[in-house]
Amino acid sequence: MQDYLSPERDRLALVTIDAQRDFILPGSPVAVAGAVATVPYMQRLTQAFRQAQMPIVHMVRLYRCNGSNVDLCHRAQIESGQRIVMPGTMGCEIIDELKRDPAQRIEPELLLDGKLQEVGEREWICYKPRLSAFFQTPVEEHLKALGVSTLVICGTDFSTSPRSSVYAAANRDFRMVLATDAISGATDAGLNELAQIGVYLMATDRLLDWLSRNRQAA
């Protein structure tokens with residue numbers, strides 16, 4: 001029987017989702033519970049993919065201050081004056097632990113124009129206007145042009161953007177691995193649901209061991 005679900009050894013990309021300061025750092029009014037604890041695991045995954053020269057895409061949200069590009073569940077907050085991941089602010093930046101260079105900054109106008117921002121060898125930032133990484137973004141075409149078949153996913157607030165992105169990726173026939181300790185807000189029930197559609201669930205240590213064995217095999 002054909003295996004359509006197993007992660008493919010040499011066709012991997014890492015996708016980080018909403019790993020931004022406003023959603024993670026303590027003191028932010030919209031910091032996600034448990035997000036800080038996931039940072040070391042996201043950092044280890046990012047470093048491993050860079051070392052292996054495998055593609056990385058950081059998916060981010062950017063909310064214009066007038067609310068014009070904001071999803072409905074947050075639009076009233078933005079229109080009333082709350083400033084969340086607003087272009088040009090430090091809050092919209094990817095956390096330093098995931099950057100190649102902490103001084104590097106998001107280019108909002110480039111991203112809001114639907115383009116990818118290249119931030120290093122085989123590494124990009126991509127803006128998403130809604131929860132899913134694939135809704136009105138170039139990321140599917142970009143990854144498939146690179147020959148990617150398998151996504152390793154980590155990020156912030158499992159029940160919103162990460163889970164939406166997993167289902168959207170499944171609709172596009174990507175194979176998937178979810179880094180269970182590198183994603184905040186995950187529940188056993190939620191993870192079990194994803195396992196039922198063929199998503200592989202791995203903690204970071206196991207995932208890194210698997211990546212290392214894959215490189216040795218190559």
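C126 is buried in this predicted model, with a relative accessible area of 1%. Its sulfur lies 14 Å from the closest cysteine sulfur, that of C92, which is too far for a bond. The structure holds zero disulfides.

**Cysteines**

- A disulfide is a covalent bond between the sulfur atoms of two cysteines.
- For C154, the closest cysteine sulfur is that of C126, at 15 Å, and this separation is too far for a bond.
- C154 is buried, its relative accessible area being 0%.

**Sheet architecture**

- Seven strands make up an open sheet, ordered β3-β4-β2-β1-β5-β6-β7, with mixed pairing.
- From one strand to the next, the twist averages 25°.
- Strands of a sheet pair through backbone hydrogen bonds, either parallel or antiparallel.
- The antiparallel sense applies to β3 and β4 (residues 123-127), which pair over three bridges.
- Within that pairing, G120 is placed opposite E123 of β4.

**Helices packed on the sheet**

- Helix α2 (residues 35-51) packs on the sheet and touches β1 (12-17), β2 (56-60), β4, β5 (150-155) and β6 (175-183).
- The direction of α2 makes about 135° with that of β6.
- Helix α6 (residues 161-171) also packs on the sheet, where it touches β1, β5 and β6.
- The direction of α6 makes about 170° with that of β6.

**Strand β1**

- β1 is largely enclosed by the rest of the structure, because six of its six residues are buried.
- In a regular strand the side chains alternate between the two faces of the sheet.
- Both faces of β1 are covered, with L12, L14 and T16 buried on one side and A13, V15 and I17 buried on the other.
- β1 and β5 run parallel and are joined by six bridges; I17 has G155 of β5 as its bridge partner.
- β1 and β2 also run parallel, joined by four bridges; here L14 stands opposite I56 of β2.

**Cavity and pocket**

- Rolling a probe the size of a water molecule over the atoms shows where empty space is left.
- One cavity of 30 Å³ or more is present in the structure.
- The largest cavity contains about 90 Å³ of space.
- Its lining consists of 13 residues, of which I94, K99, Q104, V119 and I125 lie nearest the centre of the cavity.
- The second largest pocket has a volume of about 150 Å³.
- This pocket is lined by 13 residues, with F23, V30, R61, H74 and D157 nearest its centre.
- Helix α3 (residues 72-79) supplies the largest share of the lining of the second largest pocket, namely three residues.

How values were computed. Residues numbered from 1 in each chain as written. Predicted model: local features only at pLDDT ≥ 70, side-chain atom pairs only at ≥ 80, totals over all residues. Heavy atoms only, no water. Pairing = 2+ DSSP bridges. Helix = DSSP H or I, 4+ residues; strand = E, 2+ residues; numbered from the N terminus. Axes fitted to C-alpha atoms, helices over the stretch in contact; angles between N-to-C directions. Contact = heavy atoms within 4.5 Å. Disulfide = S-S within 2.5 Å. Buried < 20%, exposed > 50% of the residue type's maximum accessible area, 1.4 Å probe, protein only. 1 Å grid on protein atoms, 1.4 Å probe; cavity = no way out; pocket = protein on both sides within 12 Å on 5 of 7 lines; lining within 4 Å. Points joined across faces, edges and corners; volume = space filled by probe spheres on them.
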